[in-house]
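Visitor: I have a structure to look at and some questions to ask. Could you walk me through it?

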Amino acid sequence: AFQKGQYLCTGYDLYTTREPSVFESMSLVHARIRRVVFKDNNPPNDAAYVKGLTEKYVHNLPGTNHKFRAFAYRQQKAENK
């Protein structure tokens with residue numbers, strides 16, 4: 001249950017199909033998310049899109065008062081036999 005003074009997403013994990021942008025990643029820092037797992041790190045067809053986790057490392061910036069762990073899910077391809 002949400003308690004007064006508690007950050008919005010403390011202790012929560014986020015599972016998403018694509019890597020968060022810089023803007024989205026910083027909002028996750030401010031929300032105090034615990035962990036992010038994303039499947040696809042290919043950006044959408046948008047020239048302004050910058051990968052927030054694998055290019056700018058927003059989740060682990062020095063000088064911020066919160067950091068979170070980030071994982072890219074890579075499915076192994078089945079071998080042809």
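Visitor: Which residue forms a salt bridge with aspartate 13, with the closest N and O atoms 2.9 Å apart?

Guide: Keep in mind that this model is predicted. A salt bridge needs a side-chain nitrogen of Lys or Arg within 4 Å of a carboxyl oxygen of Asp or Glu. Here the closest N and O atoms are 2.9 Å apart, and the partner of aspartate 13 is arginine 34.

Visitor: How many residues apart are aspartate 13 and arginine 34?

Guide: Aspartate 13 sits in strand E1. Arginine 34 sits in the loop between H1 and E2. The pair links distant parts of the chain, and the separation is 21 residues.

Visitor: Is arginine 34 buried or exposed, or in between?

Guide: Buried means under 20% relative accessible area, and exposed means over 50%. Arginine 34 has 42% relative accessibility, so it counts as partly exposed.
Aspartate 13 has 25%, so its class is also partly exposed.

Visitor: What is the N to O distance between arginine 18 and glutamate 24?

Guide: These two residues form a salt bridge. Arginine 18 is partly exposed, with a relative accessible area of 31%. Glutamate 24 is partly exposed too, at 31%. Their closest N and O atoms are apart by 3.3 Å.

Visitor: Which residues do salt bridges with shared partners join into one network?

Guide: A search of the whole structure finds three salt bridges. The network is made of Asp13, Arg34 and Arg35.

Visitor: Now the strands. Which residue in E2 stands opposite leucine 14?

Guide: Strand E1 covers residues 13-18, and strand E2 covers residues 35-40. They run parallel, joined by five bridges. Opposite leucine 14 stands valine 36.

Visitor: What unit do E1, helix H1 and E2 make?

Guide: Helix H1 covers residues 22-31. Take E1, then H1, then E2: together they make a right-handed β-α-β unit.

Visitor: How many bridges join E2 to strand E3?

Guide: Strand E3 covers residues 69-72 and runs parallel to E2. Across this pair, phenylalanine 38 stands opposite alanine 72. The number of bridges is four.

Technical notes:
Residues are numbered from 1 along each chain as its sequence is written. This is a predicted model: local features need pLDDT of at least 70, side-chain atom pairs count only at pLDDT 80 or more; totals for chains, interfaces and linings use all residues. Side-chain values use heavy atoms; hydrogens and water are left out. Two strands pair if DSSP finds at least two bridges between them. Helices (H or I, at least four residues) and strands (E, at least two) are DSSP runs, numbered from the N terminus. A crossover is right-handed if, with the strands pointing away from the viewer, the path from the first strand over the helix to the second runs clockwise. Buried means under 20% relative accessible area, exposed over 50%, partly exposed in between (1.4 Å probe, protein chains only).
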